[in-house]
Amino acid sequence: LLAFAALLRVLSVALALLQYWGFRLEEHGHRLTVERGLLTRLRTSAPRRRIQSWTLHEGLLHRWFRRRTLEVDSAVGGDEGSRRRGLRELAPIAPPATCDELVRHLLPGAPWPPARWQSLHPRAWWRLSLPGAVFALLLAAALCWRAGPWGLAGLLWLPWAVFVARQHARRAGYAIDDRLVGARSGWWSRHWRFAEIDKLQALEVRQSPLDRWLGMATLWLDTAGASSPLRLGLLPLGEAQALRATLGREVARRPLRW
C-alpha cells in the first residue's frame, strides 16, 4: 500500500509538471491571458470584468512551503466544454503575499485581505462535530459486536472529532464591506472564497431540520459562471436574514457587472 501511495504521488507530481510547465499569466489592457503546458501548450484568455468569484486554497503541504493557489470563476458563454476551458488558475502555486498582491492589483481599491472576520454561531462547533460523533458511535457499536466490551475503544474517536470541529469553527468566518463579500473555512486545508457585491445574482437563506433546531442558517450567494455558490454557513438565523436583506438592497441598487 505504501508503494502504491508513493506511485500515485509521483504520478500526480508528473501530471502537474506536464499541465503547468512554463505557466505564464499576462495582462493586456483589461484582458488576462494564461499560457501553460509542456506536451500540449494551452492558452486561455478572458476580460477581467468576466471574473465572478475568487478562491484561495492552502493545503497542509502549501503551509509547510508557505504557498497558496489562486483560482477564479469566470462567466463564459457556450457549452460545458467551453466553460471548462475558461480562465481558472491565476497562480497555481505562489507565496501568500504574491496572491494577495495579485488580488489587490486586479481589484483596485478592494481591501484584501479583510481587516476583521466575523465569527459563526457560538454552537457551530457542535453542529460540525455531529458527523464525527455519529461515526464514533457506529464504530464503537461495530467493534463491540466483533470484540465485546473492548469495542468501546471506538468512542476514543469522539474527542478527536470534537477537537477538529472546534478548530474548524474557530478558523471559519465571513467578511463584508462596501466592495467584497467573502468566507473562509477549513483547518487542515484552508479556503478563502470571495466575490464583488455587484457580481451577485441570487441570494438565499437555507436551513436544514437540524439548523432550524439549533437556530442556524446558511446564506447562499450565487454569481454567473461560478462552479458553486459562495456560502456563509452556520450563522445565527437572524444574522443570516439581516445579511440577506442588506446585500439584497445593495444588489438591487447597483448595476449588474458580468
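**Exercise 1.** Where does Arg66 lie, and what is its phi?

Solution. Step one: find Arg66 in the loop between helix 2 and strand 5 (68–74). Keep in mind that you're looking at a predicted model. Step two: check the backbone, where Arg66 turns out to have a positive phi of about 55° although it isn't a glycine. Step three: look at the cover. Relative accessibility is 66% for Arg66, and the cut-off for exposed is over 50%, so Arg66 counts as exposed.

**Exercise 2.** Is Leu234 buried or exposed?

Solution. Start with the location: Leu234 is found in strand 12 (residues 230–236). Leu234 is not a glycine either, yet its phi is positive, at about 55°. Now for the accessibility: Leu234 comes out at 13%, and buried means under 20%, so Leu234 counts as buried.

**Exercise 3.** Which peptide bond is cis, the one from Trp112 to Pro113 being your place to look?

Solution. Read omega for the bond running from Trp112 to Pro113: the value is near 0°, and the bond is cis. Then place Pro113 on the chain, in the loop between helix 4 (96–106) and helix 5.

**Exercise 4.** How do the axes of helix 5 and helix 6 cross?

Solution. First take the distance and angle: the two axes come within 8 Å and cross at roughly 155°. Next, classify the angle. Over 145 degrees counts as roughly antiparallel, so that's the label for helix 5 and helix 6. Last, the handedness: the crossing of helix 5 and helix 6 is right-handed.

**Exercise 5.** Which residues form the nonpolar patch on the surface?

Solution. Select Leu60, Leu61, Trp64, Phe65, Phe135, Trp157, Trp160, Phe163 and Trp188; together they have about 990 Å² of accessible area. Phe135, another member of the patch, lies in helix 5 (residues 124–147). With 43% relative accessibility, Phe135 counts as partly exposed.

**Exercise 6.** How many salt bridges does the structure hold?

Solution. The count is 15. Let's inspect some of them. Glu204 pairs with Arg206, their closest N and O atoms being 3.3 Å apart. Glu204 is partly exposed at 37% relative accessibility, and Arg206 is also listed as partly exposed at 37%. In another salt bridge, Glu250 and Arg253 meet at 2.9 Å, N to O. These two are 3 residues apart in helix 8 (residues 237–253), so about one helical turn separates them. Arg253 counts as exposed, with 59% relative accessibility. Finally, follow the shared partners: Glu58, Arg68, Asp100 and Arg190 are joined by salt bridges into one network.

Conventions
Residues are numbered from 1 along each chain as its sequence is written. This is a predicted model: local features need pLDDT of at least 70, side-chain atom pairs count only at pLDDT 80 or more; totals for chains, interfaces and linings use all residues. Side-chain values use heavy atoms; hydrogens and water are left out. Patches are made of residues with over 30% relative accessible area and no salt bridge: like charges are joined within 9 Å, nonpolar side chains (Val, Leu, Ile, Met, Phe, Trp, Tyr) within 5 Å. Accessible areas come from the Shrake-Rupley method with a 1.4 Å probe; for residues, only the protein chains shown count as cover. A salt bridge is a side-chain nitrogen of Lys or Arg within 4 Å of a carboxyl oxygen of Asp or Glu. Helices (H or I, at least four residues) and strands (E, at least two) are DSSP runs, numbered from the N terminus. Buried means under 20% relative accessible area, exposed over 50%, partly exposed in between (1.4 Å probe, protein chains only). Axes are lines fitted to C-alpha atoms, for helices over the stretch in contact, and angles run from 0 to 180 degrees between N-to-C directions. Angles under 35 degrees count as roughly parallel, over 145 as roughly antiparallel, 65 to 115 as roughly perpendicular and the rest as oblique. A crossing is left-handed if the near helix is turned anticlockwise from the far one by less than a right angle, and right-handed if clockwise.
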